[in-house]
Amino acid sequence: YDNDFNVVARLKSGVTSGMAQEDLKHTLLLLKETYPKLWSAQESVHVWDYHVSLIGQVKPALRILMGAVGLLLVIVAANILSLLMTRSISRRREMSLRVALGATGGRLLQQMLVENLLLCALGGTLGAMLAQIATPVLLHLSPIHLPQFAVLNIGGTGIVFVAALAIGCALLFSFVPVLEARRAELNDSLRMNPTQVAGGKIPAQRALVVGEVAMSLVLLVAAALLLTSFWKLVHSSAGFDATNVVTFKTGFTDAQTANSAVFGQTLNQLAARTEALPGVESAAAVINPPTQIVPDLPFDIIGRTAEQDHDFDEKYIPITAGYFSALKIPVVAGRAFTTSDTKASAPVLIVNEQFAKTYFPGGNPIGQHIVIGKAMGPEFEDPVREIVGVVGNVKQLGLDAPAPTAMYLPSGQLPDSMARLEGRIYGMSWLVRMKSSQVNLAAPLRQVFLDTAQIPIAGMTSMDQVMSVSVSQQRFNMLLLSGFGVIALLLGAFGLYGVMSYTVARQTKEIGVRMALGAQRSDILAMVLREAGLLVGVGLVVGIAASIAGGRLMSSLLFGVAAGDPKTLVAMSILLVVTGLFAAWFPARRAASTEPMEALRSE
């Protein structure tokens, strides 16, 4: 027998997972000694953290998405901070006057803190309300299945987080402009005409633009990597053709699974009557179609000792005769199964190329003999089977996983216990290849299965849809991160536009002087674009380094593309440079169109 049990237990205080693992190993040894016929030599135990087992598969994707959200938040905060710094400079004369009248630095900070707290509180409240509305919609679109205990409503913890975030942003938005304002001399600020725009640059604002460019590049590169990965994933060879194939599930009665001979005969009758329908090219049954889970069973190769085998367990896939033709899986050596492969005929087996490469490297597997399930006890032990064919590899575990080694068996030659297990508990999946996508087989198929075996069919869908569902999480991650990347690109462009616009306005007099001394409009245009290009260039250097490091963190989500793919880095850098220069073009053109006399009179 193959014992497969999941046990949930709470560890005593002070007991570690390693200690529990050792205790269970000792218990299993006692069970094997007491009941040797019930336990195979390959069976073992393993302790898993229950929480990790529930969320382990979705944790990497959630971490990447949370990181993207965090970067987007920082970009938004940087944009707001840049705007507030610009506003604080326009209020510098007001602040200097307050200081001259006796206001302390703490009093000025308090005033700005109150103003920014009101803004952040309003933004945090609106954001929490939007999150409450948008979260269910987003999760409905997401293929990520969270555990039942996951609470999606914004409770006390969520409110505390929003409040802490609002307070932190308010402090940041208040301290930085105050510190920047303290750099100005009091007398100079008092003499400043509010309408005058003096020359000079604000280092903090330039640093913010550099940071925005770097973070935008990180998000763009991450989105591009996922996009490239998804494109390669859906265009990778699955080893079968899903076009014009529909699939559905059926169960069987006790009488239909009384033994493998009856079970195989029932399946062959259903397949034959399905193929007789107009518009049907071929039909077959399988325990589960590609991209879905199939069992692993132990086996032995006749003529070899256990030490000579690489592994004992491989994919065990019972099928009917038309399976390979229904999915157009190529037979590369030997033959495919036929309806004459029944319980009364010689036991046969077909393996895939990966199996042949693993267990018969450089040799010919055709004619070799294998026994399956010997370690599981006499009830499940197969007769010795001869390998009669080798077929192409199929990505049975999903498009993002390599093709496993697989053993295909005729459904009519299963041990009786396996036939009952497959038919009653797991059921069989059917694959029907149509001659055209315009054929509607839903009603005729239901009628065939009701008339022939008095069983209903369930879950009819196309194999294209099955494959689409198998990559739905990758698609969702790609779309969501691509959306974040586009938003980051736009925010970065707006941030650069704002800084360059303000810089041009502050340099109005300088531009007028340059033009009065003979500078051409093209020179002014080049000067502004050069400054913008410098900011973008520094941001790209920082962003490329951060993107390479971030790509390594998301390597588990990638398929067919390296985390530091140079083509992706170059393409996204060019996109960011073009966007940045485009954003700076409008302030640069405005500066180049300045009339020298008007600029000089701005004093």
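Colleague: Which residues have the most contacts inside the largest nonpolar core?

Modeller: The largest nonpolar core in this predicted model has 83 residues. Such a core is a set of buried Ala, Val, Leu, Ile, Met, Phe, Trp, Tyr and Cys residues joined through side-chain atoms within 4.5 Å, where buried means under 20% relative accessible area, exposed over 50% and partly exposed in between (1.4 Å probe, protein chains only). With contact taken as heavy atoms within 4.5 Å, the residues with the most contacts inside this core are Phe240, Tyr323, Tyr408 and Leu481.

Colleague: Which helix gives the largest share of this core?

Modeller: Some ground rules: residues are numbered from 1 along each chain as its sequence is written, and side-chain values use heavy atoms, without hydrogens and water. As the model is predicted, local features need pLDDT of at least 70 and side-chain atom pairs count only at pLDDT 80 or more, while totals for chains, interfaces and linings use all residues. Helices (H or I, at least four residues) and strands (E, at least two) are DSSP runs, numbered from the N terminus. The largest share, 14 residues, comes from helix α8.

Colleague: And what share of the protein chain is buried?

Modeller: Nonpolar side chains tend to be buried together in soluble globular proteins. Here the protein chain has 603 residues, and the buried share is 43%.

Colleague: At what angle do helices α9 and α13 pack?

Modeller: Helix α9 covers residues 260-275 and helix α13 residues 442-453, with their axes 10 Å apart. The axes are lines fitted to C-alpha atoms over the stretch in contact, and angles run from 0 to 180 degrees between N-to-C directions. For this pair the angle is about 145 degrees.

Colleague: Which residues of α13 make that contact?

Modeller: From α9 come Gln269, Leu270, Arg273 and Thr274. Their partners in α13 are Leu445, Val448, Phe449, Thr452 and Ala453.

Colleague: What is the phi of Lys328?

Modeller: Lys328 is in the loop between α10 and β5, and it is partly exposed, with a relative accessible area of 45%. Although Lys328 is not a glycine, its phi is positive, at about 55 degrees.
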